[in-house]
Amino acid sequence: MQSFDTGQTFVVGRIQDLRPGDCVSYELPDGNELALYNVDGEFYASENSCPHRGAPLTEGVLCGHIVECGLHGWQFDVRTGECLTVPDRIKTYRVTIEDQLVVIHLTADDTDKKSGF
Ligand code: FES
C-alpha cells in the first residue's frame with residue numbers, strides 16, 4: 001500500500017527530556033506553538049493556545065490526561081482535544097517515538113493554514 005504523506009514531521013526532543021506529568025511548549029518554524037504532554041510515558045501534542053482567551057496550555061496544570069488552563073480553568077482531554085468545560089475543543093496532533101526521539105506529525109491541512117494550525 002502506498003502512503004502519501006504531504007504533511008510535516010518535527011523532532012521535538014528526546015523522551016527522557018520530558019518526565020511523566022510534564023508538559024512543554026514547542027515552537028514551529030512558522031511561529032505557531034504546540035504543547036507536548038507526557039502522560040505516564042505516553043506522549044500527546046496539541047495546539048498550545050486555549051480557545052477561551054488564548055492562554056498557553058503549558059502554563060496550566062496537567063493531571064492525568066487532562067490539562068487545565070491556568071487562566072480560567074477550562075479543562076481539555078489531551079488525547080482527543082475535547083473540552084470538558086464547554087462545547088469546544090483544541091486541535092491535537094499525532095505523536096510517535098522513533099529512536100528515543102519524540103516526533104510530532106502535522107498533516108497537510110495543519111501546515112497549509114496560516115493561523116491556528
Ligand atoms: S484562557 Fe483558558 S480558560 Fe480562559
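Reply: Go ahead. Keep in mind that this is a predicted model.

Me: Why is D99 called exposed?

Reply: Count its neighbours. D99 has 8 other C-beta atoms within 10 Å. A residue is exposed if that count is 12 or fewer. So D99 is exposed.

Me: Where does D99 lie?

Reply: D99 sits in the loop between β8 (92–98) and β9 (101–106). Its phi is near 50°, a positive value in a residue other than glycine.

Me: What makes Q100 exposed?

Reply: Q100 has 9 other C-beta atoms within 10 Å. The cut-off for exposed is 12 or fewer, so Q100 is exposed. Q100 is also placed in the loop between β8 and β9. Its phi is positive too, near 70°, and Q100 is not a glycine.

Me: How do you know that β3 and β4 pair?

Reply: Pairing needs at least two bridges between the strands. Strand β3 (residues 33–39) and strand β4 (residues 42–47) have six bridges, in the antiparallel sense. Therefore they count as paired. Among the bridge partners, Y37 has Y44 in β4.

Me: What is the order of the strands in the open sheet?

Reply: Six strands run in the order β1-β9-β8-β4-β3-β2, with antiparallel pairing.

Me: Why do β1 and β2 stand at the edges?

Reply: β1 (8–14) and β2 (23–27) each have a single partner strand, so one side of each is left without a neighbour in the sheet. From one strand to the next, the twist averages 30°.

Definitions and conventions: Residues numbered from 1 in each chain as written. Predicted model: local features only at pLDDT ≥ 70, side-chain atom pairs only at ≥ 80, totals over all residues. Helix = DSSP H or I, 4+ residues; strand = E, 2+ residues; numbered from the N terminus. Axes fitted to C-alpha atoms, helices over the stretch in contact; angles between N-to-C directions. Buried ≥ 20, exposed ≤ 12 C-beta atoms within 10 Å, placed from the backbone.
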